Number of protein chains: 2
Amino acid sequence: MDHNTKSLEHLVQALRQLPGVGVKSAARMAYHLLQHDRDGALRLSQALQTAVQNVRHCERCYTFTEEAICSTCSDPSRDQTRLCVVETPSDQAVMERTGAYEGLYFVLQGRLSPLDGVGIAELGLSHLMERASNGVIEEVIIATSFTAEGQATAHVIAQGLAKRGIRSTRIARGVPAGGELEFVDLGTIAHALADRH
Amino acid sequence: MDHNTKSLEHLVQALRQLPGVGVKSAARMAYHLLQHDRDGALRLSQALQTAVQNVRHCERCYTFTEEAICSTCSDPSRDQTRLCVVETPSDQAVMERTGAYEGLYFVLQGRLSPLDGVGIAELGLSHLMERASNGVIEEVIIATSFTAEGQATAHVIAQGLAKRGIRSTRIARGVPAGGELEFVDLGTIAHALADRH
């Protein structure tokens, strides 16, 4: 046993499962909580349990919600003719924080990654096609990442929508806000040039 | 609200209290757990609760234990004449992992830091003096950090022990194992030179 007691050892193991936490950080967290912040440890324990119990996927857009339908989907003031496709609930939250989008969302369950067993079926693309074909949606904005998998996902979605005669657009790739050309990679500049408007 | 739901928001807040975790990492952890590892989240919740319930301080050396007296203190094969003073239960675990020490321990509740309200009383130094004066202890090995606070703590302990006629030693400061002189800071080399044996 590497740590003082069995409960501590279990706690370190459980903390290691968090993304970005190695064995040293996990030990540091566990000792910190037990030595200096037992109330914080109990609050975290409770928060984890509550979140797992209460948080589920919206039945319409599949983002995280505590109701059957999320607040965005049930907001009548949102533009019902636009649908933004993102990879995760976290991406949806980021998009919302920009305050630049007034339409609805569709949250994929990840992105195409055949090697990890995530194919077209796992992503919920059929639900997306169904939703986009409801006769109200006029534009599907594809906001998946600009990684290889995100691009492949965007490609498959755009193809599927085109086949059904639904218009799709892709968010722009270009120089970041505040970015100086000198420090931006060449591929990004090339894309920014190609996508000029 | 920055995140999709209130429970998620609370979870992100609770994760932020962990040392070394900022708002971005906390969000990443929370989304990861809810999207990909709900079992892991429940395991972590349980591990936190169990650790807070079960882990307490050993009545003799003040390290973490689940019994009244820790396994090191109650092990008759340990050298009862040597007492190693460390700052935290985590330091005690590190010392144990070296396998180079056969004596007993005394775990301080931190190190002197008057600005943070940690004075001589808070550290449990009177318990240490009492323990070291039991007539069996022949040597107190001071293994506090080589930071300003750790050094001040070591100084106060050494003084207190000297006043009671108890022999104390300090772990050596020097070049790390595998260290090349070229990459070691000058202060460390100077100390390694002074402490040559």
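How is chain A divided into domains? Chain A splits into domain 1 (5-54) and domain 2 (80-170), with bounds that come from an automatic or database domain assignment. This is a predicted model, where local features need pLDDT of at least 70, side-chain atom pairs count only at pLDDT 80 or more, and totals for chains, interfaces and linings use all residues. Residues are numbered from 1 along each chain as its sequence is written, chains are lettered from A and ligands numbered from 1 in the order in which they are written, and side-chain values use heavy atoms, with hydrogens and water left out.

**Chain A: domains and annotations**
- The centres of domain 1 and domain 2 of chain A, taken over C-alpha atoms, are 35 Å apart.
- An unreviewed UniProt entry puts "zinc finger region: C4-type" on residues 58-73 of chain A; such annotations may be inferred rather than shown by experiment.
- That stretch, residues 58-73 of chain A, has its end C-alpha atoms 8 Å apart, with 0% helix and 12% strand (helices are DSSP runs of H or I, at least four residues; strands are runs of E, at least two; both are numbered from the N terminus).
- UniProt (unreviewed entry) also places "domain: Toprim" at residues 81-176 of chain A, a span with 40% helix and 19% strand whose end C-alpha atoms lie 28 Å apart.

**Chain B: the sheet**
- Four strands make an open sheet in the order β4-β3-β5-β6 (chain B), with parallel pairing (two strands pair if DSSP finds at least two bridges between them).
- β4 and β6 (168-170) of chain B sit at the edges with a single partner strand each, so one side of each has no neighbour in the sheet.
- β3(B) and β5 (residues 139-142) of chain B pair over 4 bridges in the parallel sense, and Cys84(B) stands opposite Ile141(B) in β5(B).

**Chain B: helices on the sheet**
- Helix α6 (residues 125-132) of chain B lies across β3, β4 and β5 of chain B, at about 160° to β4(B) (axes are lines fitted to C-alpha atoms, for helices over the stretch in contact, and angles run from 0 to 180 degrees between N-to-C directions).
- Helix α7 (residues 148-163) of chain B packs on the sheet too, touching β3, β5 and β6 of chain B (contact means heavy atoms within 4.5 Å).

**Chain B: helix α4**
- Pro89(B), Gln92(B), Ala93(B) and Met95(B) are the buried residues of α4 (residues 89-98) of chain B (buried means under 20% relative accessible area, with a 1.4 Å probe and protein chains only).
- The buried residues of α4(B) pack against α2 (23-36) of chain A, plus β2 (64-65), β3 (79-86) and β4 (103-107) of chain B.
- After α4(B) comes Gly99(B), with a positive phi near 70°.

Methods:
Buried < 20%, exposed > 50% of the residue type's maximum accessible area, 1.4 Å probe, protein only.
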